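Student: I've got a fold open and I'd like to talk through its packing with you. Can we go step by step?

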Amino acid sequence: MICRLCPRECGVDRSASRGFCGMGEAPRLARAALHQWEEPCISGDPDDSGQTGSGTVFFSGCVMRCVFCQNHDVSAGGFGKDVTVERLTEIFLELQQRGAYNINLVSPTPFVPQIIRALDIAKPRLTIPVVYNTGGYERVETLRALEGYVDIYLPDVKYYSDELAVELSQAPHYFETAMNAVAEMVRQTGSPAFSGDMLKKGVIVRHLVLPYHYRDSVEVIKRVGERFGKHVLFSLMSQYVPMGNLPAPLDRGITREEYDGALSWMELCGLTGYWQDFSSATTEYLPDFSDPGLLCR
């Protein structure tokens, strides 16, 4: 498998070695379980005791190198368990059986061919939407292979500044790459479509406000609004938590002024969607990778 799945196009034969993402050929999973802390239209209302959640499948490895990553052991540390395509299929169907609102593929890019094979097997029995949950650093060609398989795209648009993207995530040309990826996602799904309160088809663009980089957030919000408008939902996130020994200013949380300012721009640009309480900046909402969920079977 000569890998050119992500924008790095590292060309590594992942059947014999590992790519930039740190992964070999077999899908490696860190956790597969119901998760209740996505946007309400993805995982349901967390205040509803009868809700189930999003059927999250957390893949190991990552095509980015975010210095502030909250799941470093999973994204860059190789944590996880290798599974076969057949077992991946079973996990999708077991999550559906447990009442998941959707199958939520988290950081799936290194394993797109294997995911497609698993979905082909599961398709006759899989009746819930498939979510592609990504950092936004995607090749349009890889996304095109997912047409007809993915119902909901959940990409980040992390940065406007290329200098910042390189400094914090080793991701050159990030903004242009992410915006072109979002355009392809919107082409595939169309505007957001709901069944009741739950999203059945569409794109949610996420943006995490970072400390001291409020102006970069404003540029992201303005340009997403100008290019996509009502064709996407926008999710403004306040949950930045400093992890490890980060240099200033990343060693502090965001201020209320930084987040409220970004929220004002979201409203000014006519973007609709979701925003978090300022109190969301806590590790309470991070996935518990000590509990592998269905991987323990």
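Predicted model: local features only at pLDDT ≥ 70, side-chain atom pairs only at ≥ 80, totals over all residues.

Student: Which residues of helix α6 are buried, and how are they arranged around the axis?

Tutor: Helix α6 covers residues 162-169, and its buried members are Leu164, Ala165, Leu168 and Ser169. Looking down the axis of α6, these buried residues stay within an arc of 100°, so they line one face of the helix.

Student: What do the buried residues of α6 pack against, and which exposed residues sit on the face turned away?

Tutor: The buried residues of α6 pack against α7 (174-189) and α8 (214-228). On the face turned away from that buried side, the exposed residues are Glu163 and Glu167.

Student: What goes on at the start of α6, and which residue follows α6?

Tutor: At the start of α6, a side-chain oxygen of Ser161 comes to within 3.3 Å of the backbone nitrogen of Glu163. After α6 comes a residue with a positive phi, near 50°, and that residue is Gln170.

Student: Is Met185 buried or exposed, and how far is Met185 from Val203 in space?

Tutor: Met185 belongs to helix α7, and its relative accessibility is 1%, so it counts as buried. Among its contacts beyond four places in sequence are Thr134, Tyr153 and Val203. Met185 and Val203 are 18 residues apart in sequence, yet their C-alpha atoms are separated by 6.8 Å.

Student: Is Glu94 buried or exposed, and which side chain does the side chain of Glu94 make a polar contact with?

Tutor: Glu94 is part of helix α3 (residues 85-97). Its relative accessible area is 12%, so Glu94 is buried. At 2.9 Å, its side chain makes a polar contact with the side chain of Arg87.

Student: How many disulfides are there, and how far is the nearest cysteine sulfur from Cys21?

Tutor: The sulfur atoms of a disulfide have to be within 2.5 Å of each other, and the count here comes to 0 disulfides. Cys21 is buried at 8% relative accessibility. Its nearest cysteine sulfur belongs to Cys3, at a distance of 6.0 Å.

Student: How do the rings of Tyr137 and Tyr174 pair?

Tutor: The count comes to 6 aromatic pairs. For Tyr137 and Tyr174 the centres are 5.9 Å apart with 25° between the planes, and planes under 30 degrees apart count as stacked. Tyr137 sits in the loop between β5 (130-134) and α5 (140-144), while Tyr174 is in helix α7, 37 residues apart. The pair is stacked.

Student: Why is the pair of Tyr159 and Tyr174 edge-to-face, and which residues form one aromatic cluster?

Tutor: The ring centres of Tyr159 and Tyr174 are 5.5 Å apart and the planes meet at 75°, so this pair is edge-to-face. Tyr159 is in the loop between β6 (152-155) and α6, so the pair ties together parts 15 residues apart in sequence. The residues forming one aromatic cluster are Tyr137, Tyr159 and Tyr174.

Note on methods:
Residues numbered from 1 in each chain as written. Heavy atoms only, no water. Buried < 20%, exposed > 50% of the residue type's maximum accessible area, 1.4 Å probe, protein only. Helix = DSSP H or I, 4+ residues; strand = E, 2+ residues; numbered from the N terminus. Arc of directions from axis to C-beta. Contact = heavy atoms within 4.5 Å. Polar contact = N/O pair within 3.5 Å; in protein donor to acceptor, adjacent residues only side chain to side chain. Phe/Tyr/Trp six-rings, centres within 6.5 Å; stacked < 30°, edge-to-face > 60°.
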